[in-house]
Amino acid sequence: MIMQERGRTTRAAMAPLCVAVVFLLATAAPPCSAAQMQMQQQQVMGIEEACRKASMAHAGVSYDHCVSSLSSDGRIRRDAGADMLSLAVAAARMAAEHASATEARMEALGEVEESPHARARLHHCLELYNAAADVLRDALDNLRARVYGKASQQLAAALGAAESCEDVWKGEERVPVATHDREYGRMAILALGLTTGAVAN
């Protein structure tokens, strides 16, 4: 009789605990998917830290230029920090914008240029930057999809526009697109450095 009473008492005491365990199991968060885990593993950092990593990942990246370029973009929340991927996307987007701006500048110069030889050079550079802008847009899509290898290849290929355009003007004292050309090249290298850093992160 005493044993039965003890059994009923024990079962009564355990009942709330069992209910609590069932509740916790029912409300537990489901396991993270591979994509969610990858998102969580992306390290959030400030612009300065990201630029330091990018300059270490690619010798062509200037730390000071990286900081000033990313800090000037109002679409990047400097105070909130960002991961290397989002900053790589921002740099690639800025490089694409530079390519489009340089393309427009060359087109305008070509319309008023009197020298047929200079017009031919501008037209050649125009075609290079038109192709580069398309490649950069594809790189942006791949970065957002986290296809880093393909994005890196496309960013590296886009660098050729600046180099090839400069080659066209070799030997000339006046290079009408030098400033635009140089800044585009620096932004494309920055995007590549940040992408390399995102892969290594």
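Student: Which helices do the buried residues of H4 pack against?

Tutor: This is a predicted model, so please read each value below as computed from that prediction. In it, the buried residues of H4 pack against H3, H5 and H9.

Student: Which residues of H4 are buried?

Tutor: They are His 65, Cys 66, Val 67, Ser 69 and Leu 70.

Student: How do I read the packing of H4 and H9, and at what angle do they pack?

Tutor: For a pair of helices, look at the angle and at the distance between the axes. Helix H4 spans residues 63–72 and helix H9 spans residues 178–200. Their axes lie 11 Å apart, and the angle is about 95 degrees. Angles of 65 to 115 degrees count as roughly perpendicular, so H4 and H9 are roughly perpendicular to each other.

Student: Which residues make that contact?

Tutor: On the H4 side, His 65, Cys 66, Ser 69 and Leu 70 take part. On the H9 side, the contact is made by Glu 183, Arg 186, Met 187, Leu 190 and Leu 194. By class, the contact of H4 with H9 has 5 nonpolar, 2 polar and 2 charged residues.

Student: Cys 66 has come up in both lists. What does Cys 66 form with Cys 51?

Tutor: Here is the general idea: a disulfide is a covalent bond between the sulfur atoms of two cysteines. In this model, Cys 51 and Cys 66 form a disulfide, with their sulfur atoms 2.0 Å apart. The angle about the S-S bond is -80 degrees, and the link is left-handed. Cys 51 lies in helix H3 and Cys 66 in helix H4, so this pair ties together parts that are 15 residues apart in sequence.

Student: Are these two cysteines buried or exposed?

Tutor: Buried means under 20% relative accessible area. Cys 51 counts as buried because its relative accessibility is 0%, and Cys 66 is buried with a relative accessible area of 0%.

Student: How many disulfides are there?

Tutor: The count comes to 2 disulfides. The other pair is Cys 125 and Cys 165, whose sulfur atoms are 2.1 Å apart. Here the angle about the S-S bond is 105 degrees, and the link is right-handed. Cys 125 lies in helix H6 (residues 116–144) and Cys 165 in helix H8 (residues 160–168), so the pair ties together parts that are 40 residues apart in sequence. Cys 125 counts as buried at 0% relative accessibility, and Cys 165 counts as buried at 0% as well. If you number the bonded cysteines in sequence order, the pairing is 1-2, 3-4.

Student: Let's turn to charged side chains. How many salt bridges does a search of the whole structure find?

Tutor: The search finds 5 salt bridges. To read one, check which side chains meet, then where each residue sits. Take Arg 93 and Asp 73: their closest N and O atoms are 2.7 Å apart. Arg 93 is in helix H5, while Asp 73 is in the loop between H4 and strand E2, and the pair links distant parts of the chain, 20 residues apart. Arg 93 counts as buried at 19% relative accessibility, and Asp 73 is buried at 7%.

Student: Where do Lys 53 and Glu 49 lie?

Tutor: Both lie in helix H3 (residues 47–57), 4 residues apart, about one turn of the helix. Lys 53 is partly exposed, with a relative accessible area of 24%, and Glu 49 is partly exposed at 28%.

Student: Which residue does Asp 167 meet in a salt bridge?

Tutor: Asp 167 meets Lys 170, at 3.4 Å, N to O. Asp 167 counts as partly exposed at 45% relative accessibility, and Lys 170 is exposed at 62%. Elsewhere, salt bridges that share partners join Glu 49, Arg 52 and Lys 53 into one network.

Note on methods. Residues are numbered from 1 along each chain as its sequence is written. This is a predicted model: local features need pLDDT of at least 70, side-chain atom pairs count only at pLDDT 80 or more; totals for chains, interfaces and linings use all residues. Side-chain values use heavy atoms; hydrogens and water are left out. Axes are lines fitted to C-alpha atoms, for helices over the stretch in contact, and angles run from 0 to 180 degrees between N-to-C directions. Helices (H or I, at least four residues) and strands (E, at least two) are DSSP runs, numbered from the N terminus. Angles under 35 degrees count as roughly parallel, over 145 as roughly antiparallel, 65 to 115 as roughly perpendicular and the rest as oblique. Contact means heavy atoms within 4.5 Å. Ala, Val, Leu, Ile, Met, Phe, Trp, Tyr, Cys and Pro count as nonpolar, Asp, Glu, Lys and Arg as charged, and the others, Gly among them, as polar. A salt bridge is a side-chain nitrogen of Lys or Arg within 4 Å of a carboxyl oxygen of Asp or Glu. Buried means under 20% relative accessible area, exposed over 50%, partly exposed in between (1.4 Å probe, protein chains only). A disulfide is a pair of cysteine sulfur atoms within 2.5 Å.
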